[in-house]
Amino acid sequence: MNVDWLSRLPGPLRASLYFALQRGIGSQIHFRWEALKEWRRLSAADLSEAIERRLKRLLDRAINQSPYYQQLRLVRQPGESIQQFLQRFPVLTREQIRARFCELVVDPLRKQITSPESVSKKRYDWLVVKTGGTTGVPTAVVHDAEFRDWGRAMRLLSQELCGFPLGTRYFRLWGSEQDLLQQKEKLDRRVLKNLLGEVTMNAFRAKEAELIQHLKVIRSHPEIQYMMAYVDASVSLAEFIEDRQVPAPKLRTIMACAGTVTLEWRKILERTFQAEVFDKYGSRECADIACECSAHAGLHVYSPNVFVEVVDESGRRCPPGETGRLLITLLNNLSFPMIRYEIGDLGVWAEPAPCPCGLPFPRLQSLQGRADDMLTTEDGTLLSSVFVRHFVGVSLNRQLIREWQLEQTGRQAFVFRYIPLAKDGLESNLRQLETTFRTALGKSAAIQMQEVVEVPPSPTGKTRWIVNRWKRGQSC
Ligand SMILES: [Zn+2]
């Protein structure tokens, strides 16, 4: 059934139909979106109070109903503030989530969620989310319906901050496994896409012919002026435009996602597309965490849904201006408490001050996430490496690999290093990974699968999950 006509309906109508569809499948996003409007109007004092209430609700639930937290025997002391109490909670690492997955689930749900392979019987309910995280460690977590709805509401806010509120049409340069494997998209996904007004391009495809196709798509929609994109994939497209000296399409804004927006990348995007660039920070396991606003003075933390701490090596909170590790607490995921989760990125608080945009949420001055290399395709164009994390961490995450690294060593030569976690099923999992990598990298790509005891650091000494030694060798 062709449902493309939906995208031609007026924006406000598509927005109403979007909420109606969500209600139809059992989502409460409409209420969360309305509640979020209230949060955006709070004074600084009211905001702190609202956050503390959410934190209290979460910590109470955790210490009373989640066996993992019950065993820690944490008790709030008389006179202790909720923030002080929070700081006595241990940091939650990916290793702990994997080892204690079932014990993290709260009481009434533990009968239903017995492993990362569990599936809910209801259409819209809790969901096991698999993720490569922002590092290379495959993890599985549970999101309950309330958190999923808040996550969607925050996504709508991100779009609004980046200039294209719900109803405005936009390009989405994003990884699509289905497109890569040439599978047909399901009807509900196509309906949703058209109601959102999304025009998609696959970030997992970046050979010359495919980039030319992306440009054709953009040019065929002069009425669309906004883009949501993997930052590296959009940079790869921009570099292609500059290298080949083809005329660049003009965009109004770009929401740069799924990677660190370096100054250099921001500049090339602004220059090529003449667009205003917005940095959006999030992950599969935490949803959208923070987003830049039109003041371009840092990223507003999404306080109604996440509580962010920046801590130093010894775990003490960092003052504004000092870089530290980010710990994320999911405020609305009461069924699977994730408290002080170590996401693996670094950040710095901005000096607290009202933002000209009017949003009361605190701002991170900057973020320093993973800095993966892009991979070079056969014809020399650059491919976003997010697909590697996608397959290892999400679609083929069988919880069999603990850590990994993919290195490009030649034009068509790659080494996939992995530390196994379990042996059962590992061989077939590795074969599946190899096959899907080749789908993205090209049929002639030679991929060596190598078991290691330690992932080697890159030439700069930092552990990197995707390293392109070939590109480096070329540029030197
Ligand atoms: Zn702002």
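This is a predicted model: local features need pLDDT of at least 70, side-chain atom pairs count only at pLDDT 80 or more; totals for chains, interfaces and linings use all residues.
Trainee: What about phi at Arg340?

Mentor: Positive, about 55 degrees, and Arg340 is not a glycine. Most residues other than glycine have a negative phi.

Trainee: Is Arg340 partly exposed or buried?

Mentor: Partly exposed, because 18 other C-beta atoms lie within 10 Å of Arg340. A residue needs 20 or more to count as buried.

Trainee: Which other residue has a positive phi although it is not a glycine?

Mentor: His296, with a phi of about 50 degrees. Its loop runs between strand S8 (287–292) and strand S9 (299–301).

Trainee: Why does His296 count as partly exposed?

Mentor: Because His296 has 13 C-beta neighbours inside 10 Å. Exposed would take 12 or fewer.

Trainee: Switching to the whole chain. How many helices and strands are there?

Mentor: The protein has 16 helices and 19 strands.

Trainee: And what is the radius of gyration?

Mentor: The protein has 22 Å. For 476 residues, a compact globule would come out near 23 Å, so the two agree.

Trainee: What box do the C-alpha atoms fill?

Mentor: Roughly 65 × 55 × 50 Å, along the principal axes.

Trainee: What share of the residues is buried?

Mentor: 42% of the 476 residues.

Trainee: And the contacts between residues at least 6 apart in sequence: what percentage join residues at least 24 apart?

Mentor: 69% of them.

Trainee: Now domains. Which ones does the assignment give?

Mentor: Domain 1 covers 1–372, and domain 2 covers 375–475. Their C-alpha centres are 25 Å apart.

Trainee: How many residues are in contact between domain 1 and domain 2?

Mentor: On the domain 1 side, 32 residues; on the domain 2 side, 27.

Trainee: Which elements give two or more residues to the domain 1 side?

Mentor: Strand S1 (127–131), helix H9 (177–180), helix H11 (208–219) and helix H12 (231–244).

Trainee: Which one gives the largest share?

Mentor: H12, with five residues on the side of domain 1 that touches domain 2.

Key: Residues are numbered from 1 along each chain as its sequence is written. Helices (H or I, at least four residues) and strands (E, at least two) are DSSP runs, numbered from the N terminus. Domain bounds come from an automatic or database domain assignment. Two residues are in contact if their C-beta atoms, placed from the backbone, lie within 7 Å. The radius of gyration is taken over C-alpha atoms; the globule rule is 2.2 Å times the number of residues to the power 0.38.
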